[in-house]
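Please look over the sequence and the model shown here before reading on.

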Amino acid sequence: MLNIVLFGPPGAGKGTQSRKIIDKYSLVHISTGDLFRKHTSENSALGQLAKRYMDSGDLVPDDVVISMVEDKIRENLNLNGFIFDGFPRTVNQADALDSMLAKHDLSISGVIALEVPKEELKSRIKARAKTSGRADDQADGEINNRIAVYNNKTAPVAEYYKKQDKFTAVNGVGSVHSIFAFITEKIASF
Ligand code: AMP
């Protein structure tokens with residue numbers, strides 16, 4: 001199985017590139033942000049809990065995210081592999097992901113980080129706000145908080161995977177097509 005983590009700050013293009021990766025490699029997409037948005041749109045108990053954190057750009061507690069991902073992994077074990085998008089976002093989540101996969105004799109094949117400068121991230125999120133309808137895309141305060149949360153809690157996840165020799169980065173600025181070409185080169189080396 002090919003199990004990829006697509007890593008990077010909000011607005012880096014993880015969703016866009018994930019869709020292209022899924023098409024080419026037939027992987028199961030596990031986007032924790034998309035899963036939470038589905039729950040909030042259905043107004044489930046999990047959705048109501050997640051919304052309190054999402055609207056302000058804070059992270060949903062690890063135990064909630066981890067058990068949601070564990071369910072998704074268990075449901076899709078007999079397919080080609082997974083692309084994790086927006087997960088793991090803390091070192092604790094990365095550790096839990098390794099344990100969950102190990103239970104099924106699986107592991108992460110490699111991590112691809114999309115690198116995009118902060119000012120570019122903010123302008124992309126603001127452009128997306130016009131069509132996404134996402135509360136957390138709209139205001140400067142929430143956008144800045146999401147980027148700060150990324151720097152404080154999520155960026156250390158890169159070190160976690162560097163220690164395992166599984167971390168690679170690509171320049172996330174350029175055409176969707178050219179960035180995807182860099183990603184496929186990285187995947188070929190996993
Ligand atoms: P995203 O669509 O990946 O930008 O996620 C939107 C929001 O969902 C984040 O700002 C968090 O509030 C929440 N979220 C998504 N993934 C995670 C995660 N792995 N851990 C904690 N919160 C998450």
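D137 has a relative accessible area of 0%, so D137 is buried (under 20% relative accessible area; exposed is over 50% and partly exposed in between, with a 1.4 Å probe and protein chains only). This is a predicted model, in which local features need pLDDT of at least 70 and side-chain atom pairs count only at pLDDT 80 or more, while totals for chains, interfaces and linings use all residues. Residues are numbered from 1 along each chain as its sequence is written, and side-chain values use heavy atoms, with hydrogens and water left out.

The partner of D137 is R146: the two form a salt bridge (a side-chain nitrogen of Lys or Arg within 4 Å of a carboxyl oxygen of Asp or Glu), with the closest N and O atoms 3.0 Å apart. R146 is also buried, at 9% relative accessibility. Both residues belong to a network of salt bridges that links R128, R134, D136, D137 and R146.

The structure holds 14 salt bridges. In one of them, E70 meets K103 at 2.9 Å, N to O. This pair links distant parts of the chain, 33 residues apart, with E70 in helix α4 (residues 62-75) and K103 in helix α5 (residues 91-103); helices here are DSSP runs of H or I, at least four residues, and strands are runs of E, at least two, numbered from the N terminus. E70 is partly exposed at 21% relative accessibility, whereas K103 is exposed at 61%.

K122, in helix α6 (residues 118-132), is buried yet has no salt bridge. Its nearest side chain of opposite charge (Lys and Arg count as positive, Asp and Glu as negative; His and the chain ends are not counted) is E119, 4.4 Å away. Leaving aside neighbours within four places in sequence, K122 is in contact (heavy atoms within 4.5 Å) with I143, N144 and I147.

What lines the largest pocket, by class? Its lining residues divide into 19 nonpolar (Ala, Val, Leu, Ile, Met, Phe, Trp, Tyr, Cys and Pro), 12 charged (Asp, Glu, Lys and Arg) and 16 polar (the others, Gly among them). Among the elements that each supply at least two residues of this lining are β1 (2-7), α6 and α7 (140-154).

T32 lies in helix α2 and counts as buried, at 3% relative accessibility. Leaving aside neighbours within four places in sequence, T32 is in contact with residues including V65, M68, F87 and R89.
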